[in-house]
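Have the structure open as you read.

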Amino acid sequence: LMNEIYEATSAPIEIEKEKLDAFISKLKKNSQISSLFAKWGIEINDGLKVTGRVFEPPKIMFRTRQSDHAEVEIQADNNMRFEKELRNVGVTVPPRLNSVPLIIAPSSLNHDIKDKFIPTLIQISQEIGIRFHSPDLVDLENTNSNSYRKEILDYILKKGTPSFIIVIFPDVNKERYDIVKQLLTVELGIPSQFVKSSTLFSNKVSSDADSNYNLINSKIFSNICHKLLLQITAKTGGVCYHISPTTLPLLNTMIVGITIDKPSLNSNDPIL
């Protein structure tokens, strides 16, 4: 479906107009279709030529990553892209995160999550204008779906509902993902984000049980944490960015945006 939408929206308008005119002509020449339309009181006329307006790419409203978090506008390019600028700005409306977040992960990652992941997450969150309590960490010796489910429910019974939950899986397992996702989204209604351990860390430095994992790359690691925080912002009532009011010249108009993404190499992998 995404491929068909991409093809339909990327074709030149002249070609689309020719295809539409040919389709209308074919309908009008078919006696059976014309008879059916007549019974229903439907009449198809030729296409109309309408003078339209073409607007410049809009400006996108962000906030700076400085301490004042001042508003800033960024000009989107002709393809409506602003991914590079997104890395250097903050969210326009931060979410209200009153309760403590929860991170649940394999126990083998305990040290790295405490020393690397959580500090980076908090640092970037402050830079982009998000505030939340230092997350609680629950580690699992057993990483099957029942263990994740049990530990999440036990945590809620003891400490209450977290503002959001980051679930770190040791590998890709669709059955486990589906079970945990259904628990958090359908049964509990808690905003969540799922991450593979290999997305954050590479293999162990040595074969020792107590050895640490390496960061994949400090810059990539920061970008992943930034992306994760933007996703959490969107899921917890915040607004990452929006079109600047200064570039919306129409009143009483609904603007609909369609994002076209090419399918990934592994389209069945739903985990960041």
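## The nonpolar cores

The largest nonpolar core holds 34 residues, and Ile113, Phe117, Ile166, Ile168 and Leu200 touch the most other members. A nonpolar core here is a set of buried Ala, Val, Leu, Ile, Met, Phe, Trp, Tyr and Cys residues joined through side-chain atoms within 4.5 Å. Two or more residues each come from β1, β4 (102–106), α5 (110–127), β6 (165–169) and α9 (218–235), and the largest share, seven residues, is from α9. Helices (H or I, at least four residues) and strands (E, at least two) are DSSP runs, numbered from the N terminus. In soluble globular proteins, nonpolar side chains tend to be buried together.

Take Ile113 as a place to start looking. Setting aside residues up to four places away in sequence, Ile113 touches Ile103, Ala105, Ile118, Pro119, Leu137, Ile168 and Phe201; contact means heavy atoms within 4.5 Å. Another core, of 17 residues, lies apart from the largest one, and its members include Leu102, Ile156, Val180 and Leu183.

## How to read the model

This is a predicted model, in which local features need pLDDT of at least 70 and side-chain atom pairs count only at pLDDT 80 or more, while totals for chains, interfaces and linings use all residues. Residues are numbered from 1 along each chain as its sequence is written, and side-chain values use heavy atoms, with hydrogens and water left out.

## A covered strand

Strand β7 (residues 192–196) is mostly covered, with five of its five residues buried. Buried means under 20% relative accessible area, exposed means over 50%, and partly exposed is in between (1.4 Å probe, protein chains only). Ser192, Phe194 and Lys196 point one way from the strand, Gln193 and Val195 point the other way, and all are buried.

β7 pairs with β6 in the parallel sense over five bridges; two strands count as paired if DSSP finds at least two bridges between them. Ile168 has Val195 in β7 as its bridge partner.

## Salt bridges

The whole structure has 11 salt bridges, each defined as a side-chain nitrogen of Lys or Arg within 4 Å of a carboxyl oxygen of Asp or Glu. One of them joins Asp136 and Lys159 (3.6 Å, N to O). This pair links distant parts of the chain, with Asp136 in strand β5 (residues 136–140) and Lys159 in helix α6, 23 residues apart. Asp136 is partly exposed, at 21% relative accessible area, whereas Lys159 is exposed, at 59%.

Asp171 and Arg176 also meet in a salt bridge (2.5 Å, N to O). Arg176 is buried, with a relative accessible area of 6%, while Asp171 is partly exposed, at 38%. Arg176 is also in contact with Ser145, as is Ile179. Ser145 lies in helix α6 (residues 145–159) and is buried, at 14%. In another salt bridge, the closest N and O atoms of Asp178 and Lys174 are 2.9 Å apart. These two are separated by about one helical turn because they sit four residues apart in helix α7 (residues 174–188).

Leu36, Trp40 and Ile42 make a nonpolar surface patch of about 370 Å². Patches are made of residues with over 30% relative accessible area and no salt bridge, with nonpolar side chains (Val, Leu, Ile, Met, Phe, Trp, Tyr) joined within 5 Å and like charges within 9 Å. Accessible areas come from the Shrake-Rupley method with a 1.4 Å probe; for residues, only the protein chains shown count as cover. Trp40 is found in the loop between α3 (31–39) and β1 (59–64), and is exposed, with a relative accessible area of 66%.
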